[in-house]
Amino acid sequence: MQFLPCGFFVLLYSILPHKELRFILPAVPVINLVVATGALRLWQNRDRDMLSRALWILGASALIASVALSVAFLYVSSWNYPGGHALAQFHTIASAGSSGSLRH
């Protein structure tokens, strides 16, 4: 029941043509709380029956897949940041220049 107001807010906000993430961020802690409560219930009931065990495995698999995809997308997005390429090139030039050609 705690999720309904936040879910409804996110749903209504998603309909708007102009969206900004800063208006959605206050709903994130409540959504995390609801998901954590559901994960706790799956953990507590994992030995109850086969359905509970299957739901627990599905939830754990979803968590592992989420972490793996986050790491993969973080790696891919690191190659899409032009400022990072500029800084890497700057460090290469600066380290080559500090090998004796630049004097203070």
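1. Ser-52 lies in helix 3, which spans residues 50-78, and this placement, like everything that follows, is read from a predicted model. With a relative accessibility of 14%, Ser-52 counts as buried, because buried here means under 20% relative accessible area. Once its neighbours within four places in sequence are set aside, Ser-52 is in contact with Asn-45 and Arg-46.

2. On the overall fold, the secondary structure of the protein amounts to 4 helices and 0 strands, and the pattern read along the sequence is α-α-α-α.

3. As to overall dimensions, the protein has a radius of gyration of 23 Å, whereas a compact globule of 104 residues would have one near 13 Å. Taken along the principal axes, the C-alpha atoms fill a box of roughly 70 × 40 × 20 Å.

4. The largest pocket has a volume of about 230 Å³, and the elements that give two or more residues to its lining are helix 2 (28-44) and helix 3. Of these, helix 3, the helix that also holds Ser-52, gives the most to the lining, with 5 residues.

5. The lining of the largest pocket consists of Val-35, Ala-39, Leu-42, Trp-43, Trp-56, Gly-59, Ala-60, Ala-62 and Leu-63. By residue class, this lining divides into 8 nonpolar residues and 1 polar residue, with no charged residue.

Conventions
Residues numbered from 1 in each chain as written. Predicted model: local features only at pLDDT ≥ 70, side-chain atom pairs only at ≥ 80, totals over all residues. Heavy atoms only, no water. Buried < 20%, exposed > 50% of the residue type's maximum accessible area, 1.4 Å probe, protein only. Contact = heavy atoms within 4.5 Å. 1 Å grid on protein atoms, 1.4 Å probe; cavity = no way out; pocket = protein on both sides within 12 Å on 5 of 7 lines; lining within 4 Å. Points joined across faces, edges and corners; volume = space filled by probe spheres on them. Nonpolar A, V, L, I, M, F, W, Y, C, P; charged D, E, K, R; others polar. Rg over C-alpha atoms; globule rule 2.2 N^0.38 Å.
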